[in-house]
2 protein chains.
Amino acid sequence: MTSVEEPARPNGRIRDAARTRAEILDVATQEFARAGFTGARVDEIAARTRTTKRMIYYYFGGKEQLFTAVLERAYSVIRETEQQLDVEHLDPVAAIRRLAELTFDHHEAHPDFIRLVSIENIHEAEHIAASAELGKIGSPALDVIGRILASGRESGLFTADVDAVDLHAMISSFCFFRVANRHTFGALFGRDLVAADQREHYRTMLGDMVIAYLTAERAAD
Amino acid sequence: MTSVEEPARPNGRIRDAARTRAEILDVATQEFARAGFTGARVDEIAARTRTTKRMIYYYFGGKEQLFTAVLERAYSVIRETEQQLDVEHLDPVAAIRRLAELTFDHHEAHPDFIRLVSIENIHEAEHIAASAELGKIGSPALDVIGRILASGRESGLFTADVDAVDLHAMISSFCFFRVANRHTFGALFGRDLVAADQREHYRTMLGDMVIAYLTAERAAD
DNA sequence: TAGCTAACGTACTAGTTCGTACATTAGTGA
DNA sequence: TCACTAATGTACGAACTAGTACGTTAGCTA
C-alpha cells in the first residue's frame with residue numbers, strides 16, 4: 001500500500017454516540033448469538049465495528065452488561081411487535097389461530113433472538129435477573145390471549161381449562177423448538193423443520209393443534 | 001497438615017481405564033451442561049476427577065472430542081429408554097398418551113441432557129455431524145409412533161395428517177421448552193414450568209393437546 | 001476563539017486456558 | 001522375574017482474552 005490514506009479526513013473520526021452504541025449492539029447480538037456468551041469475543045465484536053473495544057467498555061461497562069443490553073433490546077422488539085397485535089376483532093377461534101401464526105412468524109424471522117434465549121437459559125437467566133428493565137415487562141400478548149380465552153369460554157367454544165400463560169407456553173414451545181433445535185433434529189431425523197417448503201405445513205399444524213386442544217370435548221370431571 | 005499421607009499406597013495410583021474414562025465423561029457432562037461448550041473448562045473437569053487433565057487428552061484427544069463423546073453417551077441413554085417402550089398393547093389413544101407422558105418424564109429426569117442439546121444447537125450440531133456413531137442412530141420411538149399412528153388411522157380414531165417425525169417434534173417441543181426455557185420463562189412471566197406441584201397439570205395438558213390434535217374433526221379438504 | 005468535556009483511539013497487562021513434552025509406574029505375559 | 005506397554009502424573013508454555021491506563025480530538029458553548 002502506498003501513501004494514499006483517507007481522502008479528506010486524516011483520521012475519519014466522526015462523533016456519533018447513538019450510532020456507535022447501536023452499532024456495538026448490532027454486532028454484539030450477532031456475535032453472542034453465534035458463539036454463546038462465553039464463546040463470544042469482545043475483541044471480535046470490536047473488530048467488526050467501526051469503533052474500538054474501548055468504546056464497548058465506555059458504553060456498557062463489560063461483557064456481562066453488554067449481553068444484558070443485547071437481551072434488553074431483543075426483548076423490546078417482541079414487545080413492540082406484540083403491541084401491534086390486532087386480532088380481537090376476530091372470533092375467538094380465528095383470533096387464537098392468528099395469534100399462533102404471528103408467534104410462529106416472529107420466531108422464524110428472528111433466529112438470533114431464539115439463540116439468545118437459549119444462551120440465557122444455559123446461564124439460568126442471570127442477566128434477565130440482573131436487568132431492572134427486563135424484570136417488569138409483562139407480555140402484551142398475554143393480555144390479548146387472556147381476553148380471547150375469556151371470550152371463547154363464555155361463548156362455549158373453548159372447553160379447555162388453561163390460562164393465558166400456559167397457552168402462551170404451548171404456542172411458544174412449538175415455535176421455539178422448531179427454530180432452536182433445528183440442527184440437532186435435522187441431524188438425527190433427517191428433517192429440516194425450517195425448510196421453506198414445509199413452512200405452511202408446520203404453521204397449519206400449530207394452529208390445528210392449539211385449536212383442537214382448546215375446543216376438544218372433554219370428559220366431565 | 002502433618003505427615004499423615006495415604007494409608008497403604010504411597011501414591012494411591014490404581015489403574016482402571018474403564019473407570020477413569022467413565023468418570024471423566026460423568027464430570028464432563030456436568031461441566032458442559034453447566035457452562036456450555038466454550039464456557040466449560042478442561043482444567044475444571046480434570047480437577048473434579050480422580051485423575052488428571054492429561055488423561056482427558058489421552059482418552060478423548062481434546063475438548064471437542066470430549067464433548068462429542070458426552071453427547072454420544074447422552075443420546076445412547078434415550079435410545080435405551082426408548083427401546084424399552086411398551087405401549088403397543090394399548091389402544092392407539094392410550095398408547096400415544098402414554099408415550100407422550102414417558103417423553104415428558106424423560107425430559108424432566110434429564111435436564112443436563114436438555115442443556116447439552118441446547119448447547120449443541122448453538123453450535124449448529126457440528127459435533128453430531130462429526131460423530132460417526134450419532135449420525136445413524138434413528139430413534140426407536142419413531143418406529144413405535146409410526147405403528148400407533150397407522151393403527152389409529154386405520155380404526156378411524158386419528159384424523160390428523162401427520163407422520164411420526166412431526167408428531168415426535170410436537171411432543172418433544174412441549175417437553176423440551178418446559179425444561180430448557182424454564183429460567184427465562186420464569187423470570188419473564190413469573191411461572192415456574194417445572195414446579196413440582198404443577199407437574200401433573202402440564203403432563204395432562206401435553207396428553208390432552210396431542211390427543212385433541214390427533215382426533216379432532218377436520219374440515220373435509 | 002478559547003476552553004471544556006463527551007467521545008474516541010492505542011498500547012499494554014494480568015490472568016487464564018488449551019494443549020503437550022517428558023517422566024513414571026502398575027500390571028501382564030513370556 | 002523380567003521386560004514391555006497401557007495407563008498415569010508433573011510441569012510447563014504459547015496463545016488468547018477481558019479489561020485498563022493513558023493520551024487525543026471533535027464539536028459545543030461561553
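## A buried alanine to start from

B:Ala46 is buried, with a relative accessible area of 9%; buried here means under 20% relative accessible area, exposed means over 50%, and partly exposed is in between (1.4 Å probe, protein chains only). This is a predicted model, where local features need pLDDT of at least 70, side-chain atom pairs count only at pLDDT 80 or more, and totals for chains, interfaces and linings use all residues. Residues are numbered from 1 along each chain as its sequence is written, chains are lettered from A and ligands numbered from 1 in the order in which they are written, and side-chain values use heavy atoms, with hydrogens and water left out.

B:Ala46 sits in helix H2 (residues 42–47) of chain B. Helices (H or I, at least four residues) and strands (E, at least two) are DSSP runs, numbered from the N terminus. Leaving aside neighbours within four places in sequence, B:Ala46 is in contact with B:Thr51, B:Thr52, B:Lys53 and B:Ile56, contact meaning heavy atoms within 4.5 Å. B:Val93 is 47 residues from B:Ala46 along the chain, and their C-alpha atoms are separated by 48 Å.

Another residue to look up is B:His106, in helix H5 (residues 92–109) of chain B. B:His106 counts as buried, at 11% relative accessibility. Not counting residues up to four places away in sequence, B:His106 touches B:Val77, B:Ile78 and B:Thr81.

## How the two chains meet

Now for the interface. Chain B gives 57 residues to the contact and chain A gives 56 residues. The area buried between the two chains is about 4,600 Å², and carbon and sulfur atoms give 67% of it. Buried area is the accessible area (1.4 Å probe) that two parts lose on being put together, summed over both. On the chain B side, B:Asn121, B:Ile122 and B:Leu188 lose the most area to chain A, together 14% of what that side buries.

Across this interface there are 16 residue pairs in polar contact (both at pLDDT 80 or more). A polar contact is a pair of N or O atoms within 3.5 Å; within protein, one must be able to donate a hydrogen and the other to accept it, and residues adjacent in sequence count only if both atoms are side-chain atoms. Several helices of chain B give two or more residues to the side that touches chain A, including helix H1 (17–39), helix H6 (111–122) and helix H12 (199–215). The largest share, 11 residues, comes from H10(B). That side of chain B divides into 30 nonpolar, 15 polar and 12 charged residues, where Ala, Val, Leu, Ile, Met, Phe, Trp, Tyr, Cys and Pro count as nonpolar, Asp, Glu, Lys and Arg as charged, and the others, Gly among them, as polar.

## Aspartate 166 and its partners

B:Asp166 lies in helix H10 (residues 164–180) of chain B and counts as buried, at 3% relative accessibility. The side chain of B:Asp166 makes polar contacts with the side chains of A:Arg191 (3.0 Å) and A:His201 (2.7 Å). B:Asp166 also touches A:Tyr202 and A:Met205.

In the other copy, the side chains of A:Asp166 and B:Arg191 meet in a salt bridge (3.1 Å, N to O). A:Asp166 lies in helix H10 (residues 164–180) of chain A and B:Arg191 in the loop between H11 and H12 of chain B, so the pair joins two chains. A:Asp166 is buried, with a relative accessible area of 3%, while B:Arg191 is partly exposed, at 23%. B:Arg191 also forms a salt bridge with A:Asp163, with the closest N and O atoms 2.7 Å apart.

## Salt bridges, between and within chains

A salt bridge is a side-chain nitrogen of Lys or Arg within 4 Å of a carboxyl oxygen of Asp or Glu. The whole structure holds 38 salt bridges over all chains, and the count between chain B and chain A is 6.

Within chain A, A:Arg73 forms a salt bridge with A:Asp26, the closest N and O atoms being 2.9 Å apart. A:Arg73 lies in helix H4 (residues 63–83) and A:Asp26 in helix H1 (residues 17–39), so the pair ties together parts that are 47 residues apart in sequence.

## Symmetry

Chain B superposes on chain A by a rotation of 180 degrees with 0.0 Å of shift along its axis (RMSD 0.0 Å). That is the relation of a two-fold axis. Copies are superposed by least squares on the C-alpha atoms of residues with pLDDT of at least 70 in both. The same surface serves both copies, as 98% of the contact residues of chain B recur in chain A.
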